[in-house]
Amino acid sequence: MEKNIFKLDNEQLKGIAHAFREKVEEGLNKNNAEIQCIPTFILPKATDIKGKALVLDLGGTNYRVAIVDFSTEKPIIYPNNGWKKDMSIMKSPGYTREELFKELADLIVEIKREEEMPIGYCFSYPTESIPGGDARLLRWTKGVDIREMVGQFVGKPLLDYLNEKNKIRFTGVKVLNDTIASLFAGLTDKSYDAYIGLIVGTGTNMATFIPSDKITKLDPECHVQGLIPVNLESGNFYPPFLTAVDDTVDATSDSLGKQRFEKAVSGMYLGDILKAAFPLEEFEEKFDARKLTAIMNYPDIHKDIYVQVAHWIYNRSAQLVAASLAGLIALLKSYNRDIHRVCLIAEGSLFWSESRKDKNYNILVMEKLQELLRELELEDVEVHINSMDNANLIGTGIAALS
């Protein structure tokens with residue numbers, strides 16, 4: 001491959017930013033849009049967060065439990081990083097809700113607790129948030145299929161189960177996804193005008209706060225006002241200027257036509273893009289972003305052409321993320337001209353990955369984002385990128401206590 005088919009110039013990236021902004025606006029106006037923009041009916045406290053919460057974090061195959069204590073200036077997590085458990089068993093055929101609840105409860109028993117407290121439940125599967133803080137499961141992903149739970153509430157049945165099994169009760173439950181949890185974690189620093197949660201790891205997604213009067217699809221019966229946390233589900237964005245190689249990756253995936261942005265950006269797919277660029281070559285079957293960065297970081301043991309194309313794919317991923325952020329910031333700025341300082345809480349192994357022979361991913365994103373903001377006449381906006389240990393747990397604790 002002599003020509004860099006993955007190269008995007010700034011005009012193309014601005015086109016992607018404009019398209020992203022338009023698709024977000026569409027998602028705020030109607031249901032089942034390309035970028036879904038799912039409101040979360042948990043309005044987090046920005047100040048006076050006090051008390052303790054039990055936090056549950058159920059991801060693809062891992063589960064964590066911790067108590068987050070907000071009685072001091074900085075949140076304290078007990079135990080450090082939480083108790084962890086592998087939950088691959090969830091993918092077993094015929095696995096039931098009762099079995100899941102028992103697995104979740106077993107780890108909670110390990111936590112010493114002397115007082116009643118609320119639960120924050122970071123649940124990383126597609127849900128519909130409802131007023132009051134619970135959520136209804138829309139569908140399972142990541143190989144899980146506990147059918148009796150689809151269409152049912154996620155939080156209340158678990159709360160009831162735990163209160164049957166524990167002498168010291170839990171007072172309530174709030175359910176949110178991991179991107180919203182990252183967004184909430186940013187609120188521990190009050191010095192910003194706007195906040196964005198970003199995940200670029202195995203998958204990708206974004207969340208931000210949107211004024212309620214801009215979310216025209218909201219049911220008037222909800223009676224919610226002010227800034228509403230919105231889970232964009234941005235991985236389903238279909239950006240312009242994708243290549244024939246991206247079309248091949250999509251065609252061979254198990255979700256044809258969906259998650260096109262995620263398939264061009266996230267760690268789960270970057271290796272597939274490299275493989276599709278060399279259809280006559282043989283690669284390992286499991287070939288993710290870690291393998292791609294290893295080719296970049298150890299060029300002496302790989303073909304020069306693989307190293308070169310790996311850099312192109314890695315750089316384009318960072319540029320696409322920068323363009324989507326620019327589009328979102330332009331939208332937020334159109335709602336409030338007084339936005340000058342934006343807090344970006346960024347999570348994910350790819351976002352914080354290192355390139356030994358070039359700039360790290362996060363630097364590529366931020367440099368291109370600053371360029372695009374200048375060209376979009378948004379140079380008065382400063383974006384501060386923050387990496388926070390246990391952002392999920394802290395953000396979920398804020399939700400529980402709000």
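Predicted model: local features only at pLDDT ≥ 70, side-chain atom pairs only at ≥ 80, totals over all residues.

**The open sheet and its surroundings**

Modeller: Tyr63 has Lys85, in strand 4, as its bridge partner. Strand 3 (residues 62–69) and strand 4 run antiparallel and are joined by seven bridges. In general terms, the strands of a sheet pair through backbone hydrogen bonds, in either a parallel or an antiparallel manner.

These two strands belong to an open sheet of five strands, ordered 4-3-2-5-8, in which the pairing is mixed. Strand 4 (76–86) and strand 8 (170–176) form the edges, each pairing on one side only. On average, and with direction ignored, neighbouring strands of this sheet are turned by 20° against each other.

Two helices may be described with the sheet. Helix 2 (residues 97–109) lies across strand 2 (52–58), strand 3, strand 4, strand 5 (117–123) and strand 8, and runs at about 40° to strand 3. Helix 3 (residues 155–165) also packs on the sheet, where it touches strand 2, strand 5 and strand 8. The direction of helix 3 makes about 150° with that of strand 8.

The charged end of Arg113 sits over the ring of Phe170, at 3.9 Å from the ring centre. A further contact of this kind involves Arg341, which lies over the face of Tyr192 at 4.6 Å from the ring centre. Ring pairs also link Tyr121, Phe123, Tyr125 and Trp140 into a cluster.

For the chain as a whole, the count of aromatic pairs is 15. One of them is formed by Phe20 and Phe237, an edge-to-face pair with 5.1 Å between the centres and 85° between the planes. This pair links distant parts of the chain, 217 residues apart: Phe20 is in helix 1 (residues 10–29), whereas Phe237 is in the loop between strand 11 (227–231) and helix 5 (244–251). Phe20 and Phe237 are both buried.

Phe237 also forms an aromatic pair with Phe261; here the centres are 5.7 Å apart and the planes make 50°, a tilted arrangement. This pair, too, links distant parts of the chain, with Phe237 in the loop between strand 11 and helix 5 and Phe261 in helix 6 (residues 260–265), 24 residues apart. Phe261 is buried, as is Phe237. Phe237 thus takes part in an edge-to-face pair with Phe20 and in a tilted pair with Phe261.

Technical notes
Residues numbered from 1 in each chain as written. Heavy atoms only, no water. Phe/Tyr/Trp six-rings, centres within 6.5 Å; stacked < 30°, edge-to-face > 60°. Helix = DSSP H or I, 4+ residues; strand = E, 2+ residues; numbered from the N terminus. Buried < 20%, exposed > 50% of the residue type's maximum accessible area, 1.4 Å probe, protein only. Lys NZ or Arg CZ within 6 Å of the ring centre and 35° of its normal. Pairing = 2+ DSSP bridges. Axes fitted to C-alpha atoms, helices over the stretch in contact; angles between N-to-C directions. Contact = heavy atoms within 4.5 Å.
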